[in-house]
Amino acid sequence: MWASVPRVKFFNGFEIPLIGLGTYLTKGEEGVRAIKQAIDIGYRHIDTAYRYGNECEVGRALNEKISEGFITREDLFVTTKLWNSFHAPMLVPEAFQRSLQNLQLEYVDLYLMHMPMGLAFRGFREQDLITYDKSGKVAFSNVDFCDTWKAMEDLVRGGQVRSIGVSNFNCEQLSRLLSKANIKPVTNQVECNPGFTQKPLIQFCRHHGITVTAFSPMGRVDRSDSSCRVTADVLQHPQVAAIGAKYGKTPGQVVLRYLTLARYRFRNRQTAQKRYRILTYSTSG
């Protein structure tokens with residue numbers, strides 16, 4: 001099944017599978033089992049982050065499947081991310097090494113700057129990742145993300161990171177980064193789905209040879225706060241239901257197929273086996 005998954009080539013020659021497994025909220029023994037099951041059905045791109053607090057689970061699952069002989073390290077594409085409070089250039093190497101040790105790998109395929117804004121650093125423990133000032137507001141840092149990027153470029157030169165990219169960047173932030181960077185970001189990972197298409201940003205990225213990775217491809221329906229975009233109406237749209245009925249697919253599969261035809265790469269963490277089957281049907285005719 002793995003051989004049937006298309007890949008997208010970055011400008012630097014490395015390739016990434018079109019479909020990835022997002023591991024946000026995937027923790028503990030159940031998380032390890034879920035990741036191993038995803039590998040069993042064909043997932044090879046696994047997306048995690050230091051902030052998720054599950055790099056150890058991801059690393060354990062990957063290494064167990066490698067030890068079984070089911071896959072090799074070269075079969076996998078592993079993404080993790082630099083958290084906001086580690087933006088100071090002097091912190092970037094240690095933050096990366098901690099992720100690498102958690103994952104029990106010799107290199108990562110893609111290292112992303114999780115967000116453009118930096119937070120005040122207090123430590124590497126989970127409870128230190130977001131700090132607050134005396135008034136109870138989130139404490140930001142004054143580190144320029146272009147300086148952070150320079151430190152990430154050094155990781156590529158050191159050989160333990162194959163590609164670097166960004167996440168949650170807008171056009172203005174990307175433009176500024178491109179004006180300073182020696183190594184261009186290979187991708188921008190942003191929320192993208194039929195209810196939030198991000199067309200201007202995607203056009204900007206394509207113009208500059210930057211791929212786009214869509215997270216929350218079916219909307220952020222797991223979030224309950226007032227700031228989230230809940231796109232359950234997309235899954236319940238009559239046209240989506242009609243297409244699904246015609247081809248014997250779920251609404252989620254129809255939405256993800258739309259994204260693949262629109263040339264987005266995406267990471268998905270819901271109902272892995274059903275979602276994986278989206279590449280096996282055509283909506284033409």
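These are my notebook entries on a predicted model of one chain.

I number residues from 1 along each chain as its sequence is written.

**Confidence.** I looked up pLDDT, the predictor's confidence in each residue, from 0 to 100. The chain averages 87, and 85% of the residues score at least 70. I flagged residues 224–231, where pLDDT stays under 50. The model has 14 contacts there beyond four places in sequence; I take a contact as heavy atoms within 4.5 Å. I also flagged residues 278–285, with pLDDT below 50. That stretch has 28 contacts beyond near neighbours in sequence.

**Overall fold.** I counted 10 helices and 10 strands. These are DSSP runs numbered from the N terminus: helices are H or I with at least four residues, strands are E with at least two. Of the 285 residues, 50% count as buried. My classes are buried under 20% relative accessible area, exposed over 50%, and partly exposed in between (1.4 Å probe, protein chains only). The accessible surface comes to about 13,300 Å², and 50% of it belongs to carbon and sulfur atoms. Areas come from the Shrake-Rupley method with a 1.4 Å probe; for residues, only the protein chains shown count as cover. Among contacts with a separation of 6 or more, residues 24 or more positions apart account for 70%.

**Cores.** I searched for nonpolar cores, meaning buried Ala, Val, Leu, Ile, Met, Phe, Trp, Tyr and Cys residues joined through side-chain atoms within 4.5 Å. The largest has 55 residues. Leu-62, Phe-86, Tyr-111, Trp-149, Met-152 and Leu-174 touch the most other members. Helix H4 (residues 145–158) gives the most to this core, with 6 residues. A second, separate core has 7 residues, including Met-218, Val-254, Val-255 and Leu-256. I then opened up Leu-174. Leaving aside neighbours within four places in sequence, Leu-174 contacts Val-166, Phe-169, Pro-185, Asn-188, Leu-201, Phe-204, Cys-205 and Ile-210. In soluble globular proteins, nonpolar side chains tend to be buried together.

**Two pairs across the sequence.** Phe-10 sits in the loop between strand S1 (7–9) and strand S2 (15–17). Phe-10 counts as buried because its relative accessible area is 3%. Ile-243 lies in helix H8 (residues 238–247). With 29% relative accessibility, Ile-243 is partly exposed. Ile-243 and Val-255 are 12 residues apart in sequence, and 9.9 Å apart C-alpha to C-alpha.

**Salt bridges.** I used a side-chain nitrogen of Lys or Arg within 4 Å of a carboxyl oxygen of Asp or Glu. The whole structure gives 17. Glu-64 and Lys-36 meet at 2.7 Å, N to O. The pair links distant parts of the chain, 28 residues apart: Glu-64 in helix H2 (residues 55–67) and Lys-36 in helix H1. Glu-64 is partly exposed at 25%, whereas Lys-36 is buried at 18%.

Arg-73 and Asp-109 meet at 2.9 Å, N to O. Arg-73 is in the loop between H2 and strand S5 (77–82), and Asp-109 is in strand S6, 36 residues apart. Both are buried. In the bridge of Arg-122 with Asp-128, the closest N and O atoms are 2.9 Å apart. Arg-122 is exposed at 51%, whereas Asp-128 is buried at 3%.

**Surface patch.** Met-117, Tyr-132, Val-138 and Phe-140 form a nonpolar patch with about 400 Å² of accessible area together. Patches take residues with over 30% relative accessible area and no salt bridge; like charges are joined within 9 Å, nonpolar side chains (Val, Leu, Ile, Met, Phe, Trp, Tyr) within 5 Å. Val-138 lies in the loop between strand S6 (108–113) and H4. Val-138 is partly exposed, at 32%.

**Backbone.** Most residues other than glycine have a negative phi. Leu-25 has a positive phi near 70°. Leu-25 lies in the loop between strand S3 (19–22) and helix H1 (28–41). Gln-198 has a positive phi of about 60°, in the loop between strand S8 (187–191) and helix H6 (199–207).

Notes
This is a predicted model: local features need pLDDT of at least 70, side-chain atom pairs count only at pLDDT 80 or more; totals for chains, interfaces and linings use all residues. Side-chain values use heavy atoms; hydrogens and water are left out.
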